[in-house]
Amino acid sequence: DDQPATMYDSDEQRAADIVALAESDPGEIRERLMSATTELRDAIDAVPDDRWDTRVERTPGGRVMRTSSVPGMRWRELEIHHADLGLAYTTADWSPAFAEHLLDAMAKRLTPRDGGGAPAFEVRPLDSERVWVVGGRQSDDAANPVPVVTGPAADLALWLTGRPAPETVSCSHGELPVIEGW
């Protein structure tokens, strides 16, 4: 069978697995993390060069992605959830490369391919030369330019995941655009 397995059996099973693991003792969580990291590294190393464009499903009938997106997904999961723990590791510990990688991923997630959806806004990190346009509908009204959201790249990236905006993030039009959870 040449059909790749899905990442999860269902969204519900994924959510239940997360809850169950969160209730485990820290030693078990660490052991599972280390084991999963080794398994993923071995699986990535085993992907033939001509298979990186293969499409895989996250869940049966769910989101479809290229195999090549898996390493970046894992990087995002590790960095974001490490910062989510509320311990000594924060977005300030993220590298500029990771912050821009996450901004790329979240801008893509929030921008419909058909140009529709929520009104567009710009994300202009204070510590990067890059600019991201997020959302779909562009305004042709010169008197009402798109909102510009600024702050450190890492804090902007965290906010674009749907988490609360850090105090360092602000919008030229006052209130920040609403971001749905990821």
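The following legends describe close-up views of a predicted model.

Residues are numbered from 1 along each chain as its sequence is written. In this predicted model, local features need pLDDT of at least 70 and side-chain atom pairs count only at pLDDT 80 or more, while totals for chains, interfaces and linings use all residues; side-chain values use heavy atoms, with hydrogens and water left out.

**Figure 1. Overall architecture of the protein chain.** The chain contains five helices and six strands, where helices (H or I, at least four residues) and strands (E, at least two) are DSSP runs numbered from the N terminus. From the N terminus on, the order of elements is α-α-β-β-α-α-β-β-β-α-β. The C-alpha trace spans about 55 × 40 × 30 Å along its principal axes. Of the 182 residues, 29% are buried (under 20% relative accessible area; exposed is over 50%, and partly exposed lies in between; 1.4 Å probe, protein chains only). The accessible surface amounts to about 11700 Å², and carbon and sulfur atoms account for 52% of this surface (Shrake-Rupley method with a 1.4 Å probe; for residues, only the protein chains shown count as cover).

**Figure 2. Packing of helix H4 against helix H5.** Helix H4 (residues 96-110) and helix H5 (residues 153-160) pack at an angle of about 30°, and their axes are 9 Å apart. Axes are lines fitted to C-alpha atoms, for helices over the stretch in contact, and angles run from 0 to 180 degrees between N-to-C directions. The crossing of H4 past H5 is left-handed, that is, the near helix is turned anticlockwise from the far one by less than a right angle, clockwise being right-handed. On the H4 side, the contact (heavy atoms within 4.5 Å) is made by Ala99, Leu102, Leu103, Met106, Arg109 and Leu110. H5 contributes Ala153, Ala154, Leu156, Ala157, Leu158 and Leu160.

**Figure 3. Surroundings of helix H5.** Eight of the eight residues of H5 are buried, among them Asp155 and Trp159. The buried residues of H5 pack against H4, strand E3 (121-125) and strand E5 (148-151). Just after H5, Gly162 adopts a positive phi of about 100°.

Figure 4. Six salt bridges are present in the structure, each defined as a side-chain nitrogen of Lys or Arg within 4 Å of a carboxyl oxygen of Asp or Glu. Arg58 pairs with Asp11, their closest N and O atoms lying 3.6 Å apart. Arg58 belongs to the loop between strand E1 (55-57) and strand E2 (64-66), whereas Asp11 is in helix H1 (residues 11-22), 47 residues apart. Asp11 counts as partly exposed because its relative accessibility is 43%. Asp84 forms a salt bridge with Arg163, with the closest N and O atoms 2.7 Å apart. This pair joins helix H3 (residues 70-84), which holds Asp84, to the loop between H5 and strand E6 (170-171), which holds Arg163, 79 residues apart. At 35% relative accessibility, Asp84 is classed as partly exposed.

**Figure 5. Further charged pairs.** A salt bridge links Arg124 and Glu122, the closest N and O atoms being 2.7 Å apart. Arg124 is partly exposed, with a relative accessible area of 36%, whereas Glu122 counts as buried at 18% relative accessibility. A network of salt bridges connects Glu100, Asp104 and Arg130.

**Figure 6. Nonpolar surface patch.** Leu33, Met34 and Leu78 make a nonpolar surface patch of about 240 Å². Patches are made of residues with over 30% relative accessible area and no salt bridge, like charges being joined within 9 Å and nonpolar side chains (Val, Leu, Ile, Met, Phe, Trp, Tyr) within 5 Å. Met34 lies in helix H2 (residues 26-46) and is partly exposed, with 40% relative accessibility.
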